[in-house]
Amino acid sequence: MKVGDLVKFRRHNKSPCGIVLEVIELPNSPHPSQPDRRAAYIQWACKYTAPGNYQLCILETIDESR
């Protein structure tokens, strides 16, 4: 996953689409059951989904940037 990719939530029936603005590594894992620290700052195309950092493991790429 890289900047400019269009993404959606991996396990969500009617997932909103968003664009990756930045790929980061979190300083700490969010929870012991979620050790992956890689995340992306996502701007969603849905006013009900807050922009912010989301772990890469819960996202799916819809369309890759070039």
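Lys-2, Asp-5 and Glu-64 are linked in a network of salt bridges, where a salt bridge is a side-chain nitrogen of Lys or Arg within 4 Å of a carboxyl oxygen of Asp or Glu. Before going on, keep in mind that this is a predicted model, in which local features need pLDDT of at least 70, side-chain atom pairs count only at pLDDT 80 or more, and totals for chains, interfaces and linings use all residues. Residues are numbered from 1 along each chain as its sequence is written, and side-chain values use heavy atoms, with hydrogens and water left out.

The side chains of Lys-2 and Glu-64 meet with N and O 3.7 Å apart. This pair ties together distant parts of the chain, since Lys-2 sits in the segment before β1 and Glu-64 in the segment after β5, 62 residues apart. Lys-2 is partly exposed because its relative accessible area is 34%, while Glu-64, at 55%, is exposed. Here buried means under 20% relative accessible area, exposed means over 50%, and partly exposed is in between (1.4 Å probe, protein chains only).

Now for the strands, which are DSSP runs of E with at least two residues, numbered from the N terminus. Five of them form an open sheet in the order β4-β3-β2-β1-β5, with antiparallel pairing. At the edges are β4 (52–55) and β5, each pairing on one side only. Neighbouring strands are turned by 50° against each other on average, direction ignored; the axes behind this angle are lines fitted to C-alpha atoms, for helices over the stretch in contact, and angles run from 0 to 180 degrees between N-to-C directions. What holds strands together in general? Strands of a sheet pair through backbone hydrogen bonds, either parallel or antiparallel. In this model, two strands pair if DSSP finds at least two bridges between them.

Let's walk across the sheet. Strand β1 (residues 6–9) is joined to β5 by four bridges, and Lys-8 stands opposite Glu-60 in β5. Strand β2 (residues 18–25) and strand β3 (residues 38–44) share seven bridges, with Ile-19 partnered by Gln-43 in β3. Next, β3 and β4 pair over four bridges, where Ala-39 has Gln-55 in β4 as its bridge partner.

Leaving out residues up to four places away in sequence, Tyr-54 touches Phe-9, Ala-39, Ala-40, Ile-42, Trp-44, Thr-49 and Leu-59, where contact means heavy atoms within 4.5 Å. Tyr-41 is 13 residues from Tyr-54 in sequence, yet their C-alpha atoms are 6.4 Å apart.

Back to the charges: the count comes to four salt bridges. One of them joins Arg-37 and Glu-25, with the closest N and O atoms 3.2 Å apart. Arg-37 is in the loop between β2 and β3, and Glu-25 is in strand β2, 12 residues apart. Asp-36 and Arg-38 also meet in a salt bridge, at 3.2 Å, N to O.

Leu-6, Ile-19, Leu-21 and Ile-62 make a nonpolar patch of about 310 Å². Ile-62 lies in strand β5 (residues 59–63) and counts as partly exposed because its relative accessibility is 43%. Patches are made of residues with over 30% relative accessible area and no salt bridge, with like charges joined within 9 Å and nonpolar side chains (Val, Leu, Ile, Met, Phe, Trp, Tyr) within 5 Å. Accessible areas come from the Shrake-Rupley method with a 1.4 Å probe; for residues, only the protein chains shown count as cover.
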